[in-house]
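Hi,

Here is the structure I promised to pass on.

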Amino acid sequence: MPLYRITPAEIGRVWGTDGAAMGAALGVRRKSVPAPDEDTITISTEALRTALIRGKIDPQEIGALYVGSESHPYAVKPTASVVAQAVGATPNLTASDFEFACKAGTAAIQTCLGLVGAEMVRYGVAIGSDTSQGAPGDALEYSASAGGAAFVIGRERVIAKIRHTLSYTTDTPDFWRREGQRYPSHGGRFTGEPAYFRHVTECAQRLMERAGTNPKSYAHVVFHQPNGKFPQRVGRMLGFTEAQMRYGLVTPQIGNTYSGAALIGLANVLDVAKAGEQVLMVGYGSGAGSDAFDIEVTDEINRFDRSYGTPVQQFLDGGVEIPYAVYAKFRGKIRMGGES
Amino acid sequence: MSIARFWRETPVRYNLGGCRCPTCLTVYFPPRSVCPVCVQHRSSIGRLEPFQLSGEGEVVSYTVVHDAAEGFEMQVPYALAIVKTREGPQLTAPVVDIDPSEVRIGLKVRATFRKLREEGKAGVIHYGYKFAPMDDVHRPPERPTQSETAPSTAPTAVASESRA
């Protein structure tokens, strides 16, 4: 998670709008801002290095590495190969970049599940990471942030067992970015009912039906969280309580980290979860689809060494707030001399 | 810098890949082909072993850059430090995620992976190490070095029925 933060009030101050009210409407108090030398590759690498040290995993045992993002630094040239090289996992692995708006990271988890389940690889790595931007003044600018999470999928020393996964996918044009365009476009209110809410609720309900569970079965629930309000509303629609959503909801403190959003929420849950607890995670990506996971925390979590790396809560509480001018400089929104 | 030249330095810049003399155990960064410490240093030619630095160290000297070279304008002011690593070699690199005025001699730091520079808007992006302040949660007492984690050649037996 990048160090820097900006508040909706500060963004609104520049554009002559009531940013505080906008933040309240979105349920976002602060959002993270990447430094000029951070991007999806650096965030993914830092997350995975921490995961490997915590898991005491030899990077040479990684057989597959996938990075889900909608802000890969290159249009052509994989993020995953740089990350693999930077963690010492090359050359004996398959690596690729995933893109499905905000759910590319959860899609990467499903792919790793297949490879690990088929015993084609010992460990698969799924990363969800983004440094996405909203156009200046657009509603997205108040929430679009940066961050990522990395998960190692394997059969040994499993702390969170994925018992079921299910996806729900349709062609729904709620949010997109055309090739060559700097900022994404969206369908305004269309991003709500026919897109986010329909896919998340359908996917969650179908998964619980398959797993033979109901909302009361879960100690924690994590939804994709483009803002602070959507996940709370969809949680209530499905019958979950505020207590179940408490740790999985991180967007109010750091903004919408897109491909990282649900995964950072899951990481925060696993920071506090106890053995035997069940977790439901439902990702969402515009365009549109949801991936749902029924997860059981195992006894192994009691032996998991968290002494290295920053707890998610520390990222949520910490950070250095910057003014809009510095934010604009960091995000490359200022046209410099010599640029065409 | 040409693509090929930077690519050759990838192990150094990405993973702090240095080398170590098997005789006197002196660690060098960047890697070199001969150990100048050993009396019979000619005998060390071709025998130095790859050795990955832990990335931990402390600032022994620094300056704050206000007038940056091309490509670094967006990052001024930033601290550029000489960092003495735990293994001995001293590296020069920026210290990030800290107000430059707070950098001081003796500051404990750890390596972090960052973007170093871009070859214009359409060119290659170069990545590598910088340093960030070390806090308590980034102080692994038993963090293995490369030499201690030689990859096993065969998977070990499955220890659990669990399937992630």
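Predicted model: local features only at pLDDT ≥ 70, side-chain atom pairs only at ≥ 80, totals over all residues.

Residues are numbered from 1 along each chain as its sequence is written, and chains are lettered from A and ligands numbered from 1 in the order in which they are written.

Helices (H or I, at least four residues) and strands (E, at least two) are DSSP runs numbered from the N terminus. Two packed helices are described by the angle between their axes and the distance between the axes. Axes here are lines fitted to C-alpha atoms, for helices over the stretch in contact, with angles from 0 to 180 degrees between N-to-C directions.

Take helix α6 (residues 192–211) and helix α7 (residues 229–238) of chain A: their axes come within 10 Å and cross at roughly 45°. That makes α6(A) oblique to α7(A) (under 35 degrees is roughly parallel, over 145 roughly antiparallel, 65 to 115 roughly perpendicular, and the rest oblique). Y196(A), F197(A), V200(A), T201(A) and A204(A) of α6(A) touch F230(A), V234(A), M237(A) and L238(A) of α7(A), where contact means C-beta atoms, placed from the backbone, within 7 Å. These residues divide into eight nonpolar, one polar and no charged (Ala, Val, Leu, Ile, Met, Phe, Trp, Tyr, Cys and Pro are nonpolar, Asp, Glu, Lys and Arg charged, and the others, Gly among them, polar).

Helices α1 (residues 8–15) and α2 (residues 19–26) of chain A have axes that come within 7 Å and cross at roughly 135°. So α1(A) is oblique to α2(A) as well. Their contact has five nonpolar, three polar and two charged residues.

Is helix α10 (residues 261–272) of chain A mostly covered or open? Mostly covered: ten of the twelve residues in α10(A) are buried (20 or more other C-beta atoms, placed from the backbone, within 10 Å of the residue's own; 12 or fewer is exposed, in between partly exposed).

On to chain B, which has two helices and eight strands. Buried residues are 27% of its 164 residues. G123(B) sits in the loop between β7 (108–118) and β8 (125–133), and counts as exposed because it has 10 C-beta neighbours inside 10 Å.

Cheers!

Key
Contact = placed C-beta atoms within 7 Å.
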